[in-house]
Amino acid sequence: MADKHATLTLPSGKTVELPVYSGTIGPDVIDVAGLLKEGYFTHDPGFMSTSATESRITYIDGDEGILLHRGYSIEDLAEHSDYLETCYLLWYGTLPTPEEKAQFVYNITRHTMLHESLAHFFDGFHHNAHPMAMMCGAVGALSAFYHDVMDIRSQRDREIAAHRLVAKMPTLAAMCYKHSIGQPFMYPRNDLSYAANFLYMMFGTPCEEYVVSPAVERAMDRIFLLHADHEQNASTSTVRLAGSTGANPFACVSAGIAALWGPAHGGANEAVLRMLDEIGTVDQIPRFIEKAKDPNDPFKLMGFGHRVYKNFDPRAKVMKASSDEVLAELKVVDPRLKVAMELERIALSDPYFADRKLFPNVDFYSGIILSAIGIPTSMFTVIFAVSRTIGWISHWHEMISSPYKIGRPRQLYTGEAQRPYPSN
Ligand code: SDX
């Protein structure tokens with residue numbers, strides 16, 4: 001029920017009372033649904049100031065650089081939790097007891113294998129296919145194995161679909177990588193943690209034992225944790241919109257992967273490394289800063305800026321601390337880190353970026369860590385997709401669990417008015 005109202009005066013002079021709702025924290029929202037009967041649509045390209053739904057999963061304060069998952073700060077979760085516990089939190093809404101966590105980890109671990117037929121899907125991909133292209137296809141193909149054995153109206157069926165997706169995404173991701181380098185697929189191992197198992201399936205071979213470094217395992221788990229969910233971002237909104245038609249969750253997640261791929265979104269982590277490689281050395285930075293500032297040059301500083309964070313991205317701060325730890329522990333010297341840090345220093349001292357509140361985002365430092373642990377650049381966004389699957393599917397579940405309508409935005413039409421077909 002609305003406890004406040006906003007009054008809008010229409011061009012005709014008529015005033016319309018619009019309900020205003022308050023959340024737990026964050027901005028109030030004005031319910032504009034009543035404008036339709038007054039003959040108006042709202043207009044907000046890019047949804048800059050549009051609340052599309054009510055949600056209890058994640059809260060972001062872009063001005064204060066706050067990110068909460070079910071009320072817990074990303075800093076606390078990064079320090080005290082791990083990825084699967086955060087998955088449990090996002091899906092069920094509370095932190096698990098030790099017994100609940102053990103059962104959840106057991107269930108996820110024992111769903112990491114895929115139907116053997118899925119391996120044949122990769123035969124159709126050329127070896128140099130982009131791994132995100134393979135992921136779009138392979139995850140969508142999961143629909144062919146499960147969609148007819150689940151009823152999205154069933155809470156239990158939705159939970160099983162979520163377990164399957166969280167469990168199988170690392171296996172599919174590693175298969176994309178193995179296919180691209182012509183190595184055999186590695187079956188998951190139930191004696192390894194989620195992160196260690198992913199690294200094993202990525203870098204292990206049947207020819208020798210592969211031991212995961214604890215430092216790399218911790219870094220991989222933290223990367224997964226930091227990317228798990230982020231409110232109504234473009235790919236999550238894509239999953240919600242696809243889900244609002246009643247499509248099965250595997251097809252919805254495949255749509256989310258496609259949306260994430262873009263360089264303005266999850267594809268930025270890959271683009272950051274390519275940009276750092278293109279810049280090459282610190283002395284080239286000023287030239288690229290000028291390109292980024294030139295309105296006629298499409299070049300943007302990848303890893304900078306965010307639709308919501310107009311201060312700092314808290315994940316970037318945690319990521320930066322992790323990159324220092326990982327590179328020190330692995331004794332990796334990556335000249336790109338020096339370029340990245342100098343680029344950040346110069347950009348943040350330039351009024352163009354400061355005025356537009358363009359700070360490093362989650363993607364700016366993640367690539368440095370992923371490179372340090374041996375992940376190829378082309379797999380960066382795939383790892384983002386693996387991690388974000390729990391966010392996507394938790395938002396899908398939240399929407400499907402309550403009454404919902406199919407998403408169907410309207411438009412401002414500026415095309416031709418009706419005209420007769422030429423009689424000649
Ligand atoms: C993610 O939404 C989420 O939560 C996403 C995400 C998640 O976890 O799901 O956080 C993950 O997608 C992070 C963002 C990764 N993308 C990049 O790093 C790509 C580079 N960043 C830009 O493409 C851009 O900053 C966006 C897309 C992130 C945000 O774009 P907005 O909010 O639409 O802002 P804008 O494009 O209108 O930019 C405002 C101004 C413009 O200049 P003016 O027209 O005012 O003169 O800032 C400029 C832009 O040209 N600008 C940049 C810039 N980003 C914005 N100029 C140079 N380099 C940049 N990176």
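**View 1. Contacts between domain 2 and domain 3 in the predicted model.** In this predicted model, 18 residues of domain 2 are in contact with 17 residues of domain 3. About 1300 Å² is buried between domain 2 and domain 3, and carbon and sulfur atoms give 64% of that area. The centres of domain 2 and domain 3, taken over C-alpha atoms, are separated by 27 Å. The domain assignment places residues 72-225, 232-262 and 381-400 in domain 2, whereas domain 3 comprises residues 268-373. The assignment also gives domain 1, residues 4-51.

**View 2. Salt bridges and polar contacts across the interface of domain 2 and domain 3.** Two salt bridges are found across the interface of domain 2 and domain 3. In the model, a salt bridge also joins the side chains of arginine 222 and glutamate 325, with an N to O distance of 3.9 Å. Between domain 2 and domain 3, four residue pairs are in polar contact.

**View 3. The side of domain 2 that touches domain 3.** Helices α1 (74-80), α8 (214-226) and α17 (380-401) each supply at least two residues of the side of domain 2 that touches domain 3. The most is given by α8, with seven residues. Sorted by class, this side of domain 2 has 10 nonpolar residues, four polar residues and four charged residues.

View 4. For leucine 301, a polar backbone atom is 2.8 Å from a nitrogen atom of the ligand.

**View 5. The salt bridge of lysine 4 and aspartate 28.** The structure holds 19 salt bridges, and one of them pairs lysine 4 with aspartate 28, whose closest N and O atoms are 2.6 Å apart. Lysine 4 belongs to strand β1 (residues 4-9), while aspartate 28 is in the loop between β2 (15-21) and β3 (29-30), so the pair ties together parts that are 24 residues apart in sequence.

Note on methods
Residues are numbered from 1 along each chain as its sequence is written. This is a predicted model: local features need pLDDT of at least 70, side-chain atom pairs count only at pLDDT 80 or more; totals for chains, interfaces and linings use all residues. Side-chain values use heavy atoms; hydrogens and water are left out. Domain bounds come from an automatic or database domain assignment. Contact means heavy atoms within 4.5 Å. Buried area is the accessible area (1.4 Å probe) that two parts lose on being put together, summed over both. A salt bridge is a side-chain nitrogen of Lys or Arg within 4 Å of a carboxyl oxygen of Asp or Glu. A polar contact is a pair of N or O atoms within 3.5 Å; within protein, one must be able to donate a hydrogen and the other to accept it, and residues adjacent in sequence count only if both atoms are side-chain atoms. Helices (H or I, at least four residues) and strands (E, at least two) are DSSP runs, numbered from the N terminus. Ala, Val, Leu, Ile, Met, Phe, Trp, Tyr, Cys and Pro count as nonpolar, Asp, Glu, Lys and Arg as charged, and the others, Gly among them, as polar.
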